[in-house]
Amino acid sequence: MNMKKVAIVGAGQSRYGDFPEKGIKELFFESYQDMTKSVDKGMDPKRIGAAYVGNLGSGGFQLGNMSALVSEFVGLPYIHTVRVENACASGGYALISACMDILSGAHDVVLAGGVEKMTDVSGVKQKYWLGVSGDTEYERLAGTTFAGLYALIAHRHMHEFGTKREHLSEVAVKNHKNGAQNPKAQFQKEITLEKAMKSPYVAYPLNLFDCCSTTDGASSLLVCDAEIAKEFTDTPIYVAGFGSSSDYLAIHDRISTVTLEGTKRAAANAYDMAGLSAKDMQLAEVHDCFTIAELLACEDLGFCEKGKAGQFVEDGHTRIDGDKPVNPSGGLKSKGHPIGSTGTGQAYEMFNQLRGTVDKPTRQVGDAEIGLIHNVGGSGGTVSVSILRR
Amino acid sequence: MAHVSVPMYWRTVPQRYGMVGQRCRKCDAVNFPPKGVCKYCNASSEFDEVKLSGKGKVHTFVLIGAGGAPPEFAEQEKAGGMYPVAIVELDEGPKVIGQIADVNPKDVKMGMPVSTELRKIYSEEGVIRYGFKFIPEELSR
């Protein structure tokens, strides 16, 4: 058995939002500098032997060799660098790639990050571009975007389990409440349940406020062999476990319409590696690209029974002051969803939550020791889960 | 880009025009659309061609509207205001996604019996693409 362990000793994130003056290089640099500042005892960039950069398509502007580009821009030429692409789960997989690199012994200090530039792209091109991560031949040609696919899941969930329209909107309201306390979030604004319920149906039963937006942003993590973590900080955060799983790309091919099998399997692997279970997770950052996705995550990660997530949310368990806070950062819904950055951005939030260094105390979840991050590609074609621990 | 070229479309014509699926020689289950290896047993790539009836029941559906359509379907949304897309559980077992036509979107129901007809799906690169859509069974000829 491999006795090596992995630690995160620095984490940074750019502001998430719409930044006309910044491209992928500048966004990535902003997160890299933020990460550098977070390393308590300082860091010599020459120690970094590899970089794994999550990215879907750079807005279609630098499809080839983009990881070399952003690495050299931040002062890291001549390293092992790879763009990691698994749609919206690219960042989560970039972190897992960094962990596997360290566990293999290939490198002892590795950069894991992600970046996406989405707002340069016109609305029409955006929908073309974002449609590439589902099943193109059948789902897309039936006339659906991602909202449509998640709506198919949501509608069946409502039909089978009696999940209410209000339950979906409550997720949006909660996440906007949290995001309003996040200075790096795209939408730092609370919304009322009434407003969330009354927005237009883009894909009935999902409305506009069930959907996350398009976002520019980047995040960076300094990941190392736990043996040398104390060279960088006295309070490293350990990667206690990780797991990932693919699934059939098209929803119609899956075992169940209302379960993300990828989430269940990725979580099972991560729990197993960490020697922990769902009940040990004190908080979580989950993939809420659409409100229904947060309900599925609560069920498939084992936080509540299948079909009961609506009630679980309604009862307040997932609020910051609840017993299982979910998305204290505001989630993809309010913090924003710069695709390639989302997974490592979740790790950035969890790193600070577990160290008690969240920028605004109103968003800090008590004194948590163990947290989970969950990143989904497309409508569940790829899923990664990591468990972080103080 | 979520772009389906004419050659890519052409390769799926047997499915889109004729509902041609695969019956697994090992586990007898029907795959539609086709797979390299049977998705039910994951143990065989030996299939017999089978033409599906096109009949099934609505498993779940969505009504696309208010700008929720992909660009190549935006015109259809604009013309009709809203269009239904369903995952249908076919009588032979597999589920498949498709639009429901000839129906008031508000009348689509879970479990509703439907059958396929060859219809215009959309046009891209100046080429009209035909394929199956579902229509309510009560209207089928």
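Predicted model: local features only at pLDDT ≥ 70, side-chain atom pairs only at ≥ 80, totals over all residues.
Local features are taken where pLDDT is at least 70 and side-chain atom pairs only at pLDDT 80 or more, while totals for chains, interfaces and linings use all residues. Residues are numbered from 1 along each chain as its sequence is written, and chains are lettered from A, with ligands numbered from 1, in the order in which they are written.

**The sheet**

Select the strands of chain A in the order β3-β2-β4-β7-β1-β8-β11-β10-β9: these nine form an open sheet with mixed pairing. Strands (E, at least two residues) and helices (H or I, at least four) are DSSP runs numbered from the N terminus; two strands pair if DSSP finds at least two bridges between them. β3 (80–84) and β9 (283–285) of chain A are at the edges with a single partner strand each, so each has one side without a neighbour in the sheet. From one strand to the next the twist averages 25°.

Next, show β10 (370–377) and β11 (382–389) of chain A, which are joined by eight bridges in the antiparallel sense. Pick N375(A) to find its bridge partner, S384(A), in β11(A).

**Helices on the sheet**

Select α1 (24–38) of chain A, which packs on the sheet and touches β1 (6–13), β4 (109–116) and β7 (217–225) of chain A. Contact requires C-beta atoms, placed from the backbone, within 7 Å. The direction of α1(A) makes about 125° with that of β1(A); angles run from 0 to 180 degrees between N-to-C directions, and axes are lines fitted to C-alpha atoms, for helices over the stretch in contact. The end C-alpha atoms of α1(A) are 21 Å apart, in agreement with the 21 Å its 15 residues should span; the expected span is 1.5 Å times one less than the number of residues.

Colour the buried residues of α1(A), among them L27(A), F28(A) and M35(A). A residue is buried with 20 or more other C-beta atoms within 10 Å of its own, exposed with 12 or fewer, and partly exposed in between. The cover over these residues includes β1, α2, β4 and β7 of chain A. Of these, α2 (66–73) of chain A lies across β2 (50–54), β3 and β4 of chain A, at about 125° to β3(A).

Show α12 (342–355) of chain A, where 13 of 14 residues are buried. G356(A), with a positive phi near 70°, follows α12(A).

Now select α6 (165–179) and α9 (291–300) of chain A, whose axes come within 8 Å and cross at roughly 95°. H167(A), L168(A), V171(A) and A172(A) of α6(A) meet T291(A), I292(A), E294(A) and L295(A) of α9(A).

**Across to chain B**

Finally, display both chains: 34 residues of chain A are in contact with 32 of chain B. α5 (146–161) of chain A gives the largest share of the chain A side, seven residues. Zoom to β5 (201–204) of chain A, which runs antiparallel to β4 (56–65) of chain B and is joined to it by two bridges. There A203(A) stands opposite I64(B).

How values were computed
Contact = placed C-beta atoms within 7 Å.
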